[in-house]
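This briefing goes through selected local features of one chain. Please keep the sequence and the structure in view while reading.

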Amino acid sequence: MKLYVLEGTINGQPMSPRSFLSRKDAEKRLSEILTWRDLQVEDDRKPSKHTEEFVCNQYTRFFIRRVIA
């Protein structure tokens, strides 16, 4: 089973990882967090095939990665 994990740091503080059944759901939750915290994505990187990194303002970054469970 493939899961997508959303994790990261907000203002330098680690957030609890959350698991989703699809990348679309993880991206939707990330969008909600960005809106709620009034954050802007400054850079979108793909360090590996199954990991995407979102670098934001205010010492914040998020990762969405695929894991096999």
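**An exposed strand residue**

Gln-13 has a relative accessible area of 54% and therefore counts as exposed, the cut-off being over 50%. The model is a predicted one.

**Gln-13**
- Gln-13 belongs to strand 2, which covers residues 13–14.

**Helix 1**
- Helix 1 consists of 15 residues, 23–37, and spans 21 Å from its first C-alpha to its last, close to the expected 21 Å.
- Its buried residues are Ala-26, Leu-30, Ile-33 and Leu-34.
- Viewed down the helix axis, these buried residues fall within an arc of 100°, so they line one face of helix 1.
- In an α-helix there are 3.6 residues a turn, so residues three or four places apart point the same way.
- Lys-24, Lys-28, Thr-35 and Trp-36 are exposed on the other side of helix 1.
- The cover over the buried residues of helix 1 includes strand 1 (2–10), strand 3 (18–20), strand 4 (41–48), strand 5 (51–56) and strand 6.

- Six of the six residues of strand 5 are buried.
- Thr-51, Glu-53 and Val-55 are buried on one side of strand 5, and Glu-52, Phe-54 and Cys-56 on the other, so both faces are covered.
- In a regular strand, side chains alternate between the two faces of the sheet.
- Strand 4 pairs with strand 5 in the antiparallel sense over five bridges, and a hairpin of two residues joins strand 4 to strand 5.
- Val-55 in strand 5 is the bridge partner of Asp-43.
- Strand 5 also runs antiparallel to strand 6, to which six bridges join it.
- Three residues lie between strand 5 and strand 6 in their hairpin, and Gln-58 in that turn has a positive phi of about 60°.

**Thr-60**
- Thr-60 lies in strand 6, residues 60–68, and is the bridge partner of Cys-56.
- Thr-60 counts as buried because its relative accessibility is 2%, where the cut-off is under 20%.
- A polar atom of the Thr-60 side chain is 3.4 Å from the backbone oxygen of Asn-57.
- Leaving aside residues up to four places away in sequence, Thr-60 touches Thr-9, Ile-10, Asn-11, Leu-39, Phe-54 and Val-55.

Technical notes: Residues numbered from 1 in each chain as written. Predicted model: local features only at pLDDT ≥ 70, side-chain atom pairs only at ≥ 80, totals over all residues. Heavy atoms only, no water. Helix = DSSP H or I, 4+ residues; strand = E, 2+ residues; numbered from the N terminus. Buried < 20%, exposed > 50% of the residue type's maximum accessible area, 1.4 Å probe, protein only. Polar contact = N/O pair within 3.5 Å; in protein donor to acceptor, adjacent residues only side chain to side chain. Contact = heavy atoms within 4.5 Å. Expected span 1.5 Å × (residues − 1). Arc of directions from axis to C-beta. Pairing = 2+ DSSP bridges.
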